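Dear colleague,

Here is the structure I promised to pass on to you, with the sequence alongside. Please have both open while you read the notes that follow.

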Amino acid sequence: MPAAALLLWVLAALLWWAFAFAPLPSEPPAWLSAARHACFGTAADGLPAAHGWMLLILGPASFLVGIVTLWGREVPATLAGALRRRGGRLLVAALALAVVFEGAWVLRKVEAARAAGAWSAAIHVDGALPEDYPRQTAPAPDFSLVDQHGARVSLNDLRGRRVALTFVFAHCQTLCPLVVDTLRQASQDAGPVTVLLVTLDPWRDTPRTLAGLARQWKLPDAFHVLSSRRVEDVVRVSERYGVTFRRDERTGDIAHPGLVFLIDADGRLAYTFSTPSPAWVREALRRLGRPHVLAG
């Protein structure tokens, strides 16, 4: 009986932590999102809230205390007996590997969230956009992708408008929501501007999932989240803009920079920022309204 209880405890703890950290589908069932939020909450960095961490730790801990209270000295004897048998040793090794793998996976997510949190704190203290910040004049590479409404969006068709372009993906819980929020804040008082959010995860962010992503991020009408039925179409866009990213084939997690590109009404790639503040983007958009005189 103690052996079965210990096995159940390990499996339950693994599932409990996986429920807290595993990425949800692009359009998760309402009950699933509600249940995870009710259990763990969501902090600003995308990790569980304080009460969520307490449940993650105290839940398995209380279960283990109950096992030790009920069976006391039988618990170490049961473990010792399992390790004397070949099948027991294999089972213990498999469970240990599962714990190590999941622990490393959670640790990577925590480290990514801390890095994004450090950026989030920094963007509010970086001051005003310098007057001499370099403004570029090269034509912005054209592309054509599908948005959340099923409409095809071409950069050339947006001539005459100011455009903000960035690269994000649905399952990102750290940097991407912050970049989207930066563009949302910056566009509120900047006048007419079209915001294009190109996915870095066309494997999962297919055109049919984009409407759900737009609702998830509560995108304004001027925001278009873009993908394609062909993965290579989307990857080609990121390559044209020099956005390098690394995708973990096992988990689907993607490491990428927080680049934001501002394109003027003549289709020129005017500004390139890395994780800018809303104030920087807002001021750069304002400058795009000025006549631009080429030097020399």
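I begin with Glu131, which at 64% relative accessibility counts as exposed (exposed means over 50% relative accessible area, buried under 20%, and partly exposed in between, with a 1.4 Å probe and protein chains only). Please keep in mind that this is a predicted model, in which local features need pLDDT of at least 70 and side-chain atom pairs count only at pLDDT 80 or more, while totals for chains, interfaces and linings use all residues. Residues are numbered from 1 along each chain as its sequence is written, and side-chain values use heavy atoms, with hydrogens and water left out.

The side chain of Glu131 meets that of Arg287 in a salt bridge, at 3.7 Å from N to O; the term stands for a side-chain nitrogen of Lys or Arg within 4 Å of a carboxyl oxygen of Asp or Glu. This pair links distant parts of the chain, 156 residues apart, since Arg287 lies in helix H9 (residues 278-287) and Glu131 in the loop between helix H5 (86-122) and strand S1. Helices (H or I, at least four residues) and strands (E, at least two) are DSSP runs, numbered from the N terminus. In contrast to the exposed Glu131, Arg287 counts as buried, at 4% relative accessibility.

The structure holds 11 salt bridges, and another of them joins the side chains of Arg247 and Asp201, at 3.9 Å from N to O. Arg247 lies in strand S6 (residues 246-247) and Asp201 in the loop between S4 and helix H7 (210-216), so the pair ties together parts that are 46 residues apart in sequence. Asp201 counts as buried, at 0% relative accessibility. Glu232 forms a salt bridge with Arg230, with the closest N and O atoms 3.9 Å apart, and here both partners are partly exposed, Glu232 with a relative accessible area of 41% and Arg230 with one of 46%. Salt bridges that share partners also join Glu131, Glu283, Arg286 and Arg287 into one network.

In helix H8 (residues 231-240), Asp233, Val234, Val237 and Ser238 are buried. Seen down the axis of H8, these buried residues fall within an arc of 135° (taken from the directions from the helix axis to the C-beta atoms), so they line one face of the helix. They pack against strands S1 (144-146), S3 (163-168) and S4 (194-199), and just after H8, Gly242 takes a positive phi of about 70°.

Strand S4 includes Thr194, which is buried, with a relative accessible area of 7%. Leaving aside its neighbours within four places in sequence, Thr194 is in contact (heavy atoms within 4.5 Å) with residues including Leu158, Arg161, Val163 and His224.
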